[in-house]
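Reader: I'm new to this one. Can we go through it piece by piece?
Author: Go ahead and ask.

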Amino acid sequence: MKYGKRLLALVLAASLFAEPTLPAQASARSSKTSHKASTAATVKRMRILRVKKKKLRALIRRSIQQQEMIVLKKQILSYLSDNGLSSANWSIYVKNLKTNQSISTCSRSFTAASTIKLFAMAAAYDKIERKQLTMTSDLSTKLWNMIVYSDNDSFNSIVADYVGPAEMNQFLKRQKFTRTAQYHGIGPGSHPYLGSTRLNGVNHTSAADCGMLLEKIYRGTMASKSASDAMLSLLKQQTYRYKIPAGVPSGVTVANKTGEFEQFQHDAAIVYGQKTPYVICIFSEDSNAYSISHIRRLSSMVYQYLNG
């Protein structure tokens, strides 16, 4: 990600706002008062120009960072096309957590499968933070099992017995996860909530919504810093590591949550790259037998681009 034009752009920016120098001496005809006024005006202009140059440098830097992510998006779309994968059925969301620049190849919602468990976890911690729920040993165990082992009945119990289905969707609206909704339990399992109605639709979410939630957890702003740290700890211990984590070098820390159901294969992750930490969420609805392999390759492509 080295751009040879970057230095040139900064040099041009500086030349646009060359600072005037202070007058060497006042004109013989100028009074002492007018000389002071002239000097003060010049100093003021210099300060204004310094501010303008600083803003321009920041603007150029952001522009370069945006272009870098646009190039990454083109590479991802080329990969999908070259491998016969529909960009309408594959959604890849990536956000550079250092520059705050992001890309998304498709904004649609997908059947959530087990990625909906991310939001159940966040809703439970949010309710605890608002003093409407108490962390008990039973709830703690179920949060652990739901995330670390993706246990379905733990999810069913957390939604039905602790958070509440209606409160779950209110949480999603408050947090502006506009492409996410929770309607029913997840099977196989034995919890009564598994028999909940699907008349209103299926559990669904988007790569971007999952990415936004993961970023909040990463930055310590989901519910609270301590709650975010607890959620991050669970995600780092998640046992299903054969998708996004399998595409990054050994030893790189990844906090992720997978989801799969029939033709759907998803993974949402925070990757602690050696140079650049980032969020990556890959969602797919594809009968392709190699969907998991493609997720790994896309994960590897993004890692090398941001950390190579």
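Reader: Is Y303 buried or exposed?
Author: In this predicted model, Y303 has a relative accessible area of 3%. That is under 20%, so Y303 counts as buried.

Reader: Which ring does Y303 pair with?
Author: The ring of Y303 pairs with that of Y278. The ring centres lie 6.4 Å apart and the planes are at 55°, so the pair is classed as tilted.

Reader: Where do the two residues sit in the chain?
Author: Y278 belongs to strand β7, while Y303 is in helix α9, which covers residues 291-307.

Reader: Where are F119 and F177?
Author: F119 is in helix α3 and F177 is in the loop between α6 and β4. They are 58 residues apart, and this pair too links distant parts of the chain. Both F119 and F177 are buried.

Reader: Which residues make up the cluster of ring pairs?
Author: F119, F171 and F177 are linked into a cluster by ring pairs.

Reader: Switching topic. How many residues are in the largest nonpolar core?
Author: The largest nonpolar core has 49 residues. Those with the most contacts inside it are L118, F119, M121, L143 and C281.

Reader: Which elements give two or more residues to it?
Author: The helices are α3 (116-129), α4 (137-148), α5 (152-163), α6 (165-174), α7 (207-219) and α8 (225-236). The strands are β6 (264-272) and β7 (277-285).

Reader: Which one gives the most?
Author: α3 does, with 10 residues.

Reader: Why would nonpolar side chains be together like that?
Author: As a general matter, nonpolar side chains tend to be buried together in soluble globular proteins.

Reader: Back to M121. What does it touch?
Author: Leaving out residues up to four places away in sequence, M121 touches L143, M146, I147, I217, M231, L234 and L235.

Reader: How many residues are in the second core?
Author: The second core is separate and has 25 residues, including Y79, L85, I103 and Y278.

Reader: Now the backbone. Which residues does the cis peptide bond join?
Author: The bond joins G187 and P188, and its omega is about 0°. P188 lies in the loop between α6 and β4, where β4 covers 204-205.

Reader: What about phi at K131?
Author: Phi of K131 is positive, about 65°, although K131 is not a glycine. K131 is in the loop between α3 and α4. Its relative accessibility is 75%, so K131 counts as exposed.

Reader: And what is phi at A223?
Author: A223 is also a residue other than glycine with a positive phi, in this case near 75°. A223 is found in the loop between α7 and α8. With a relative accessible area of 24%, A223 is partly exposed.

Reader: Last topic, charges over rings. Which ring does the charged end of R108 sit over?
Author: The ring of F110, at 3.9 Å from its centre.

Reader: And where does K236 lie?
Author: K236 lies over the face of Y272, 4.9 Å from the ring centre.

How values were computed. Residues numbered from 1 in each chain as written. Predicted model: local features only at pLDDT ≥ 70, side-chain atom pairs only at ≥ 80, totals over all residues. Heavy atoms only, no water. Core = buried A, V, L, I, M, F, W, Y, C linked by side-chain atoms within 4.5 Å. Buried < 20%, exposed > 50% of the residue type's maximum accessible area, 1.4 Å probe, protein only. Helix = DSSP H or I, 4+ residues; strand = E, 2+ residues; numbered from the N terminus. Contact = heavy atoms within 4.5 Å. Phe/Tyr/Trp six-rings, centres within 6.5 Å; stacked < 30°, edge-to-face > 60°. Lys NZ or Arg CZ within 6 Å of the ring centre and 35° of its normal.
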